[in-house]
Amino acid sequence: MPRAIHVFRTPDRFVAGTVGEPGDRSFFLQAVHDARVVSVALEKQQVQVLADRVGLLLDEVARRFGTDVPPEEADPTDIDPLVMPVDAEFRVGTMGLGWDADAGAVVVELLAVTETELDESVVLDDTDEGPDAVRVFLSPEQAREFAARSERVIAAGRPPCPLCGEPLAPGGHMCIRTNGYRRGITLGTDTTEFGDES
């Protein structure tokens, strides 16, 4: 069966989003053009890596080619939720990133998880062999927006423990920095449960 390659040359939207509550969130990337919606599942760390690399790529494009790229954005303008229902085409294994100088666009390629190791030539390739893929062309403005929104989505999870940096659950967590004493969090106030110190 030939691979499915979903190409979005002028997407209305390309965003990261989640389904579920903090601590139990599933991460997705979603490309939308008119009534066409394609979603793929991936890990939180993959969203972070892609957002970071998009920002670095834009900076490099501006430096090397003198291309006018927008400054890094602190707040995204698109904060709407994902288009529901979210039905993932596949889980992302390999991600590719490039610059199309002719189109003046960042090209994001997302390849499905495979059991075999991929040759680098498969990324950004249209051969019939290989994993299913989603390829999205983003203007520099859309790419900055993607990175800004991704950072916001990642930060919207559980707050980090101020001592060890691990995510806090609503009932606290076993912090390695407190030698196993349970850390409790109450309405933004940090309360550590210790034994009687008298």
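The model is predicted: local features need pLDDT of at least 70, side-chain atom pairs count only at pLDDT 80 or more, and totals for chains, interfaces and linings use all residues. Residues are numbered from 1 along each chain as its sequence is written, and side-chain values use heavy atoms, with hydrogens and water left out.

**Backbone**

Most residues other than glycine have a negative phi, and most peptide bonds are trans. Helices (H or I, at least four residues) and strands (E, at least two) are DSSP runs, numbered from the N terminus.

Asp-34 counts as exposed, at 58% relative accessibility. Exposed means over 50% relative accessible area, buried under 20%, and partly exposed in between (1.4 Å probe, protein chains only).

**Arg-3**

Arg-3 lies in the segment before β1 (5-8). Arg-3 is buried yet has no salt bridge (a side-chain nitrogen of Lys or Arg within 4 Å of a carboxyl oxygen of Asp or Glu). The nearest side chain of opposite charge, Glu-109, is 4.5 Å away. A polar atom of the Arg-3 side chain lies 2.7 Å from the backbone oxygen of Pro-131.

**Helix pair**

Helix α2 (residues 140-155) packs with α1 at an angle of about 145°. Their axes are 9 Å apart. Axes are lines fitted to C-alpha atoms, for helices over the stretch in contact, and angles run from 0 to 180 degrees between N-to-C directions.

Key
Lys, Arg positive; Asp, Glu negative; His and termini not counted. Polar contact = N/O pair within 3.5 Å; in protein donor to acceptor, adjacent residues only side chain to side chain.
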